[in-house]
Every structure is written in C-alpha cells, then in structure tokens.
Amino acid sequence: MSENLDKSNINEAGKSKSNDSEQGLEDAVESSEGALQKKIKSGSASTQGAQRPPSSPPRFVTVEELVETAKGVTNMALAHEIVVNGNFRIKPVELPEDSLEKRVKDIVHKAFWDCLSVQLSEDPPAYDHAIKLLGEIKETLLSFLLPGHTRLRNQIREVLDLDLIQQEAEHGALDISKLAEFIIGMMGTLCAPARDEEVNKLKDIKEIVPLFRAMFSVLGLMKVDMANFAVSSIRPHLMQQSVEYERKKFQELLEKQPNALDFVTQWLEEAAGDLADRTCGRALPAGGGAAGSGDAPVPVPVPVPDAAAVQDRAYLRLLRWDHLRRPFPETVLMDQARFQELQLQLEHLTILGAVLLVTFSVAAPGVSSQADFAEKLKMTVQILLTDMHLPSFHLEDALTAIGEKVCVEVSSRLSLCGFSPLTADQETALKGQIQAVASPDDPVRRIVALKEMFLSTECFLKYVTRQQVAKGIPTVTPLLREISEILRKYLKSVPDLMGAKCIHI
C-alpha cells in the first residue's frame, strides 16, 4: 500500500506544482535553515579578520532588518544548493556521542519519558501528557498529506479527536493501545517504502511509553523523507527560476546594505586589470618603443576588456584564491566550498604530476612508457597523498615516504624488464628531487603547475579534449581521468563560462 500511495503522492505533486511551487520553495527553504547554517558560517569564517575595501558609509539597521536579511540569504543559499547539487539531501541531525548538547538532550528526554511513565502508572492513570503527544502526532500525520488526500485527512481528524479523547480519559474509557494501532497503520500508509520495516517493528512494542518514544523517532525520519520529497519536487521549478530568484534576493540585500558587494567589485577589478596588463604587454614591441625608431615610446591604447572575458578571468582566479587571508566574493560565497575542493584537487594533481615527471626522467624510456607501470605508480603516490586536505598533513614527510616507495617500484620494474636497478647515487638523486617538489618554487612543480595552466583561458580551451591533453602536458597521460573530472566540476560550478565550447569534456 505504501508503494501505491508513494506513486500517487508524486502524481498529485506534479499536478499541483504550478500552483504550489512558490509556497513549496519557501516552506522547504525555511524548514531547513538549520541544516545549512553551519556551511554558511564555515564558508564565511575566513573573512572575519579581513578589512573591507573602501565603500559607501555604513547605514544603521534594526535588529528586525538584520534577521530578515539573514533569513533571505539563508533561503537563497539553500535554493542555490538544491539547484547546483543534484545529490542534495536533508539528513537527520546526529549529535556527537561525547558532546554536551547530546548529553543535555538525553537527560531532558529521559526526564520527559519518565514523567509520562509515572503518570500512566497512577491509579487512575493521568493522560494529560499522553493526550498532548497524541495531538502532536495528529498534526504530524496531517502535515504529510497532500491537498487531494481528503479521505485520509477526515479519518485522522475523526479518530484523533482530542476533545473526544479527553472525555474518554475523564470517564476511564480511553484505550491508548487502540489509538496506537491506528497511528501505526496510518504511518505505514504514509511512509516511504524504505520505512516499512521500521514501522512494522512498532507493532512488536507492547508497552505504551517505549511505543510512543519509538513512534516519534520514526515520525522524525518520515519528516526528513517528506522534506527530501519536497526538494525533489521543486528542483525542476528552481532550475528554471534560480537566476531570477537569486538576482531578486541580491537586489533586496543591496537595498538594505549598499556595500554588500564590495569584495565582488574588487575581485572583478583585479580580473580586468590582469586582462589589461596582458593586452598591453602583447601590444608593446620587444624593445618597449616604436619599432625601428629611437624616439620615446609611443603610448599604445589599451582596449577595454570584454565583460565576458573579465568574468572568465575572474572565475579562473578563484582556483588560486587565498581563502585564509582574503574574503571570498559575495556573489560566489555559496560556492566557496566547491572552489576550495577544486583548488585542493588541482594542488594534489600538481604534486602527483611532478613526482611522475621526476620518476620518468630517471627511469629507462622502455619502463616509463609502460602504461601499467605508470598507472601503478600513480596509484601508489595517490594513496600516500590521500590526507593532503587535512590540516595535520605534512607534505615533506609524505614526499619522503613517496621517495622510498618510488625507488623500490622503479628498481623492481627495471629488474623485471632486464635493466640494471637504480644505483645508490641514482636513488639519492631521485629521492632528493621528489623531496624538492614540496617547494612551490620547484622548477619541476612549476612545469606541472595545473593551476597556472587553468588561469589562461586559451590553455584551458586547448586542453579540453583528451587527445590535446595527452600531447600538451608532460606525464599527464595517467592523469587524464582526474583532469577531465576537475573540468566537469569547474564547468558545473560556472555553468555560463565557456559551456558551449566545452560541452564534450
């Protein structure tokens, strides 16, 4: 039955989407503010110690305006996450076992259920708390219904009529077990198929207090399922309206806080300055003045950068952003975590490519050209760089271990192919070159600086196809899959940036 009702829910949601989509958006984003607050706080934590660039004078705002603005930003961030992240799901809150919040929660819950147990053990039983719980269950079940579920709505209201239940309790005629049986049956009707097993387990609980406690636990999971169902239902509508929705929210934010986009202005000005410098450098002759004359340099007019080119350059600059010292631009703050992930992946691939380049330069050509050896070496180095994103990771120590492992692998493969293994001097030189990769100024690391390559739009487009990648970057053939994946993530984060040219990545 639950499967049939789940299908009917989807059909009815589709029919009423055009009328209820706006309301569904607001309900979904407002009910999930807490789920996104931590992400927003972590994304903006690095900006606390930074100074804003010169802006318009501050304007005094009321507490109500601040609360309303924060709510609008939270809703916009949640809507943006739903659109960009196809795997977005609302998850139940799980507190750490040793946290103070969990200990307090457990103590309060235990006291509440102990109080309910004492009341039901009295002679005659006191049903005050139990009736309040039945009222909460009634409202929760009604919240699961769609507008077309008239029969189920009437049935819930009729059986869980609190006034009638109060009268039965006063006259000693209240049968809690019968009501619990009805509630479990209704939960089985309304729950997702994945919850059938948990609902069926409720039928085996005979004591009232543990049964109530278990029912509320399952109802909490059903609320999360319903919220995720609402998210999946409004996602197509959000994808159509996301640009206008975010533009509207940013406009409302600007009206209340005129200097809210100062970092965006600074970010775009720097990108325009980069383009202007590159254009000016290309326009000047090699000698710095007019070609073939000894006169003073003639100023060369610098064309105004195209807006699309500035945008492209600005987004590419985010791949080498200093997140600890510089505030992230406001309009892309919601994607800061994604750009940080891309930046870490590029750094990881740069180190990996540099180690492969150093190794292949030492190994015999017949060995370094073997695809299986390159893949095995890549996997070995990747394993030792797995924790590179953690603050406790030390690159120098990892490269020392990588040097030892690489020497063993190279010597083993050389012997297998009939070559002489590495000598002690060759091993020392190879380990030293691998250890030197830890420095950002290392020549080998700079050759394989994928971040710098990505900062040039021409290079970015040049290495889009797999064939061009293999020809253009030294030792990059084993990294084709990883580079392609980063390009996909980048284009997904910046959907309007060179999307038509890179559609076949």
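The model is predicted, so local features need pLDDT of at least 70 and side-chain atom pairs pLDDT 80 or more, while totals for chains, interfaces and linings use all residues. Residues are numbered from 1 along each chain as its sequence is written, and side-chain values use heavy atoms, without hydrogens or water.

I begin with the cores. The largest nonpolar core has 56 residues; such a core is a set of buried Ala, Val, Leu, Ile, Met, Phe, Trp, Tyr and Cys residues joined through side-chain atoms within 4.5 Å, buried meaning under 20% relative accessible area with a 1.4 Å probe, protein chains only. Leu399 and Val406 have the most contacts inside this core. Helix H13 (336–362) is one of the helices that supply at least two residues, helices being DSSP runs of H or I, at least four residues, numbered from the N terminus. H13 gives the most, with 11 residues. A second, separate core of 39 residues includes Met187 and Phe212.

Next, the helix contact. The axes of H5 (residues 128–143) and H6 (residues 150–159) come within 10 Å and cross at roughly 175 degrees; axes are lines fitted to C-alpha atoms over the stretch in contact, with angles from 0 to 180 degrees between N-to-C directions. H5 is therefore roughly antiparallel to H6, a term for angles over 145 degrees.

Finally, there are 5 aromatic pairs, with ring centres of Phe, Tyr or Trp (its six-membered ring) within 6.5 Å. Trp267 and Tyr315 have ring centres 5.6 Å apart and planes at 85 degrees, so this pair is edge-to-face, that is, over 60 degrees. Both Trp267 and Tyr315 are buried.

Notes: Rings of Phe, Tyr and Trp (its six-membered ring) pair if their centres lie within 6.5 Å; planes under 30 degrees apart count as stacked, over 60 as edge-to-face and the rest as tilted. Buried means under 20% relative accessible area, exposed over 50%, partly exposed in between (1.4 Å probe, protein chains only). Angles under 35 degrees count as roughly parallel, over 145 as roughly antiparallel, 65 to 115 as roughly perpendicular and the rest as oblique.
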